[in-house]
Amino acid sequence: MATASDYAGLQPAWCPGCGNFGILKALNTALIELNIEPHQVLLVSGIGQAGKLPHYTRGNVFNSLHGRPVPPAIGAKIANSELVVIAVSGDGDAYGEGGNHFLHAARRNHNITYLVHNNQIYGLTKGQASPTSDVGFVTKTTPYGAANPVNPIALAIVSGASFVARGYAGDMDHLASLVKKGITHRGFALIDILQPCVSFNHKNTYQWYKERVYKLEDKKYNSGDRKAALEKALEWGERIPIGVIYEEDLPVYEDQLPALSNGPLVKKKIDPRRVERLLAEFM
Amino acid sequence: MPIDFNFMVGGEAGQGVQSVGFLLAKVFACGGYHVFADQDYESRVRGGHNFFRVRISSDKVGAIAKDVDILIALDSDSIRLHRAEMASRGIIIFNGEKVKGASSKKGSLLSIPLEKIAEEKAGDKLMLNTVALGAALSAVSYDLPKLDRVLADHFGSGEVGNRNIAAAKAGYDYVQSESKGKSGKIKPLSEVRRMLLTGNEAISLGAIAAGCRFMAAYPMTPASSIMEYMAAKSKEFELVMVHAEDEIAAINMAIGAAYAGVRAMTATSGSGLCLMVEGIGLAGITETPIVIIDAQRPGPAVGLPTRTEQGDLQFVLHAHHGDFPRAVVAPATIEDAFWLTIKAFNWAERYQLPVILLTDQHLASSHATIDPLDLSQVTIDRGIMFSEKEDDPSEYMRHRVTKSGVSPRAFPGLGKALVVTDCDEHGEEGHLTEDAGQRTAQVRKRLRKISPLNKETNTLRKYGSRGAETILIGWGSTYGAIHEAVGILRKENASVNMLHLNELWPFPRKAVIDAVSKARNSYVIESNATGQVAQLIKAETGYDVSGRILKFDGRPFTPHYIAEAVRKEAR
């Protein structure tokens, strides 16, 4: 049985009150409740405050470059399909520097889970606008206000992701349930997580979110309806939906690879003599 | 009497230049000849001018010769552009129905109604290329059944194969009756079986033999055929080739797969490698073994997309910031491409670092015959592994500081050991750190891997007399051309030898000093504009070469070009 002590990692270097603590706790809770042990998990992160998360829990860790947690996560998942692979990013990492990988991982529907800590600001570099900053948001790099934000939920849905959810770092239990669903879902599972930044984002605060977020589970909402999901993805401002926005069984990239049908690649032996029959093709 | 004979097939893109050229190469390879064939093509799908040269010889050859003995001209441009290259007794075969007013001062013109024959004898005028192929073989009275067998292999034994065989026979018979027995004579030599393959095919075979299970890449000439070959064999050999969204994704995917425990690679060309540079450093600091194939083409930027150059050497030696070890190899021949690819995978895992294999368009798309590869000579070394039977997995540290600098590897999920690594500087356990002592220890540990690796980079190729006055220095794909040039010059009683490098980094310092210090003159021969290996030799040994024979027009060296350049230097 996996327990809380299995997932006790290093002491976090985040600011007191950071939304990241709620996300860390939700992830640990999800892994424990799914009875997944640390050695079965691979956490692949990028750069930013979110990218440090894997060090503060326990598991196999590949802390990758800025914007790049998704490609190594895909490579590792294909190499060892038995690993539970979770990529972790911030909004700058996922939707700025790594935007292309995000689109294509969703399109190909790789069997990985992607947690994006979305605080609408760059924290580690101390307070610049991010790709999801609200329009008009003034920071040191956007003195005349940020331009239009990207809409990660809508992007993921139209790109072909088969599981798209939004969580809130201030509601740990709800977020943990989403992470569990994302991990058990087969296919690319995006969980965009609204995360207050107590140091640099004085607009989208705990109070701001508290007044706006509502749970889709409490409403009559069909997460299997792609059109309805797109409509829900556009809802932002006075009311912000959290929960599973879109979920469907779609073809998974790894399932169409014949090489993976007989167990993980990493367990296969190397035998150069197998190439003998290829040599004959050149004779 | 030794035979050294040269064919050329010329035409527009889309006319079938490549398949006629390949079939010519194949039919002589099957007849026991040594073959070297290169391709010259433009960056377009239709039109323009492409050509395919096939050199056949009773001796081993590794380069293209100067004169053309038989030119199959599929369009009038091929005659106009290449008639000056014809040997004095050469023959230009062309379609007399379409090409009017052909003329040539060198060689003779052989007009054949290719389309008409194709339609009459094979029922399809599109088979005119096969008629021309039969005609070319007839001009040297080669063995027709050999061609039948090659055509059946290529087109299948069904209707299409049979019609191609009929077309070839018709072309063959036409020339026999026109020449009235005056054709030259090139007979099959023996039943020796050799492989005929390209450099990219050799790299792909090497990768599969080495147990590469994962490749991710983005298409880019001249590297794309590697990803296509790997994809085609992915089911049979249980490997995965991911066509990634870009080169950045490709190298990062390969690194993820290698971290998870499979042998992984990517392949690209110069400007694709520019995008991959961040991955080279990521592999460096996380000590992840990956193999990166750089099939060079002329740069900078898009440069000449379909042509050849050795312009990336200084780039790959330095690409990325910071200090960390890497290895750079550059196959000399198509056979070497197979063996060096395997070595690249072994070094990558033995020393846990990125290994860059530099090939180029010339080697990538040239065909050569080689003796069948002896797979019993393939060794696999996966490096030092952590054993959970002998050691406590809870104490596993991915980046443990060791005397050799190499830390035992474990693979995530295969045991209880947690495999932690970071592109930030990290401590032994893999977690990020800013501690000065740990930083220093990790940098030193990584750099300690260079010295033992340097002891392995010693496979210099030397040719010619020891202590010759002049030494020609080359690296990578120029081996065949330089080797033959040395032979040409020695026949003229020149005192010349050669030194050829295929393992460039860590640099084989002592061996190079030993070789060059004996010569009075030393010339580098390189397909680039600044003499990049000359710079490397200077930087590593302090030795200044006395001359640089450089070519950067995107076309490969020929032995005669090199010999003439050396004669000029000597004057």
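Colleague: Pro300(B) has its place in the loop between strand 11 (290-296) and helix 11 (313-318) of chain B. What kind of peptide bond joins Gly299(B) and Pro300(B)?

Modeller: The model is a predicted one. In it, omega between Gly299(B) and Pro300(B) is about 5°, and the bond is cis. A cis bond also joins Trp505(B) and Pro506(B), with omega about 0°. Pro506(B) lies in the loop between strand 19 (503-505) and helix 17 (509-516) of chain B.

Colleague: What makes Gln352(B) buried or exposed?

Modeller: By the cut-off of 20, Gln352(B) is buried, because 27 other C-beta atoms are within 10 Å. Gln352(B) is a residue other than glycine with a positive phi, near 55°. Its loop runs between helix 12 (334-351) and strand 13 (354-360) of chain B.

Colleague: Which residues of helix 5 of chain B are buried, and what shows where they lie around the helix?

Modeller: The buried residues of helix 5 of chain B are Leu147(B), Val150(B) and Leu151(B). Viewed down the axis of helix 5 of chain B, the buried residues fall within an arc of 100°, so they line one face of the helix. An α-helix has 3.6 residues a turn, so residues three or four places apart point the same way. Helix 1 (17-30), helix 4 (128-139) and helix 6 (159-179) of chain B are included in what covers these buried residues.

Colleague: In what sense does strand 14 (residues 367-370) of chain B pair with strand 2 (residues 34-40) of chain B?

Modeller: Two strands pair if there are at least two bridges between them. Strand 2 and strand 14 of chain B have 2 bridges and pair in the antiparallel sense, with Ala37(B) bridged to His367(B). Strand 7 of chain B also runs antiparallel to strand 14 of chain B, joined by 4 bridges; there Met195(B) stands opposite Ile370(B). His367(B) and Thr369(B) point one way from strand 14 of chain B, Ala368(B) and Ile370(B) the other way, and all are buried.

Colleague: What pairing links strand 2 (residues 60-63) of chain A with strand 15 of chain B?

Modeller: Those strands pair in the parallel sense over 3 bridges, and Asp422(B) is the bridge partner of Asn63(A). Between the chains, 54 residues of chain B are in contact with 46 residues of chain A. Helix 9 of chain B gives the largest share of the side of chain B that touches chain A, 8 residues. By class, that side has 34 nonpolar, 10 polar and 10 charged residues.

Definitions and conventions: Residues are numbered from 1 along each chain as its sequence is written. Chains are lettered from A and ligands numbered from 1 in the order in which they are written. This is a predicted model: local features need pLDDT of at least 70, side-chain atom pairs count only at pLDDT 80 or more; totals for chains, interfaces and linings use all residues. A residue is buried if 20 or more other C-beta atoms lie within 10 Å of its own, exposed if 12 or fewer, and partly exposed in between; C-beta atoms are placed from the backbone. The arc is that of the directions from the helix axis to the C-beta atoms. Two residues are in contact if their C-beta atoms, placed from the backbone, lie within 7 Å. Ala, Val, Leu, Ile, Met, Phe, Trp, Tyr, Cys and Pro count as nonpolar, Asp, Glu, Lys and Arg as charged, and the others, Gly among them, as polar.
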